[in-house]
Amino acid sequence: MSDWLLIGLFAALVILLLLTLFGFAVYSGIFSEVVVSAGLPPFGNITVAYKFQVGPYGDCGRLFTEGCSVSPKLCSIAVYYDNPHTVDPEKCRYLVGRILSEGDEKPSEKVVRMFQKYGFKIFHFPAPSHVVMATFPYTTPLSIHLAVNRVHPSLDTYIKERKLCAHPRMEIYKGDQIYFICPLARQGDFYVPEMKELEKKSRAAAETEDAQTDITGADTLSDSSSVSLEITTDSRETSVATSILSPFTPGRGRDEVDNRSEHSYSESGASGSSFEELDLEGNAEGDGMAGLSADHGSAEDQDIPKAKWTKEPIALEKEKGEE
């Protein structure tokens, strides 16, 4: 009889434990609906204290803990610049920090100095005009893992289906909510100096590689031209000899040259038409953004052609304009 009693108690404890875990998962948001939308951002201008990092996103927890230890009462923020599915995790770039102030409020000088003492840098993010946004409950540490696995895929699908230019990807931990935000305009304003410097180096390296390719191509063309010149010289000698034997041959030769010249101009015209078609296609894609905001169609606002999670060579048009 006592054996059955022990078995019953053990079974009751297992069931109670499972129910507790199930309730904890529900409370953490495992069944929460993820709704992605485009519209006005949930925040205005913000001033942040941050640390920039290059490496796997999984290592960001240390920076969250460090920022929280400096000032536990402030909200956390993270900005992810690269798509970990297409970029080597060791090359992913991101920042983690704390929000010092919002709107017109100025951050406390004491708090600023305290963060700077621990190696944080200060940066100001403007309020984006329109964003792609989603929220998720932030009630337990498990909520973070659930949000990462559920919200980011939903954002990817929403942005891809609508062909939006939404990046970088931001996370703001405020109260009992996690806000996932992707700016649709003025994306370059959300790139901190470290990120901009890396982009400049990347562009410089790409330009150097292109220049080397052009030089190699020029050398190859020069060699080909030399061979062509030799062949042409031989052809001219042959033509002179042939003209002595057949006086009507040069006339046909000129006609053929004229025909080839006309054909070349035709190819050039076709090439120009192709570029016009490409321009029209580019404009058509840009018009797809106009439904959200008139600003979305402008080159100044859309600094980078793809979404944050699609690593595209990131080109900051605004930065190019300044250079």
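Helices (H or I, at least four residues) and strands (E, at least two) are taken here as DSSP runs, numbered from the N terminus. Proline 168 has its place in the loop between helix H4 (141-162) and S7. The model is a predicted one, in which local features need pLDDT of at least 70 and side-chain atom pairs count only at pLDDT 80 or more, while totals for chains, interfaces and linings use all residues. Residues are numbered from 1 along each chain as its sequence is written, and side-chain values use heavy atoms, with hydrogens and water left out.

**Backbone in the loops**

Histidine 167 and proline 168 are joined by a cis peptide bond, with omega about -15°. The loop between H4 and S7 also holds lysine 163. Phi of lysine 163 is near 55°, a positive value in a residue other than glycine. Another positive phi, near 55°, occurs at arginine 186, in the loop between strand S8 (177-183) and helix H5 (193-245). Most residues other than glycine have a negative phi, and most peptide bonds are trans.

For accessibility, buried means under 20% relative accessible area, exposed over 50%, and partly exposed in between (1.4 Å probe, protein chains only). Lysine 163 is exposed, with a relative accessible area of 70%. Arginine 186 is partly exposed, at 37% relative accessible area.

Helix H2 spans residues 61-70, and its buried residues are Leu63, Phe64, Gly67 and Val70. Why do these residues lie on the same side of H2? They cover an arc of only 130° around the axis, which puts them on the same side of H2; the arc is that of the directions from the helix axis to the C-beta atoms. Thr65 and Ser69, on the other side of H2, are exposed.

The buried residues of H2 pack against strand S2 (46-54), strand S3 (75-80), strand S4 (93-102), helix H3 (109-117) and strand S7 (169-174). Contact here means heavy atoms within 4.5 Å.

**Strand S2 and its partners**

S2 is mostly covered, with seven of its nine residues buried. Two strands pair if DSSP finds at least two bridges between them. S2 pairs with S4 in the antiparallel sense over nine bridges. S2 is also joined to strand S5 (residues 121-125) by five bridges, and these two strands run antiparallel. Tyrosine 50 has glycine 97 as its bridge partner in S4 and lysine 121 as its bridge partner in S5.

**Salt bridges**

Side chains of opposite charge can pair when their charged atoms come close. A salt bridge is counted when a side-chain nitrogen of Lys or Arg lies within 4 Å of a carboxyl oxygen of Asp or Glu. By this rule the count comes to nine salt bridges. The table gives some of them.

| Pair | N to O distance |
|---|---|
| Glutamate 66 and lysine 51 | 2.3 Å |
| Arginine 62 and glutamate 66 | 3.9 Å |
| Aspartate 156 and arginine 169 | 3.1 Å |

Aspartate 156 is partly exposed, with a relative accessible area of 26%. Arginine 169, at 0% relative accessibility, counts as buried.

Salt bridges that share partners join Lys51, Arg62 and Glu66 into one network. The side chains of glutamate 66 and lysine 51 meet at 2.3 Å, N to O. This pair links distant parts of the chain, with glutamate 66 in helix H2 and lysine 51 in strand S2, 15 residues apart. Arginine 62 and glutamate 66 both lie in helix H2, four residues apart, about one turn of the helix.

How exposed are the members of this network? Glutamate 66 counts as partly exposed at 22% relative accessibility, and lysine 51 counts as buried at 18%. Arginine 62 is partly exposed, with a relative accessible area of 48%.

**Nonpolar surface patch**

Which residues form a nonpolar patch on the surface? Phe10, Val14, Leu17, Leu18 and Leu21 do, with about 500 Å² of accessible area together. Patches are made of residues with over 30% relative accessible area and no salt bridge; like charges are joined within 9 Å, and nonpolar side chains (Val, Leu, Ile, Met, Phe, Trp, Tyr) within 5 Å. Accessible areas come from the Shrake-Rupley method with a 1.4 Å probe, and for residues only the protein chains shown count as cover. Leucine 21 has its place in helix H1 (residues 2-28) and is partly exposed, with a relative accessible area of 49%.
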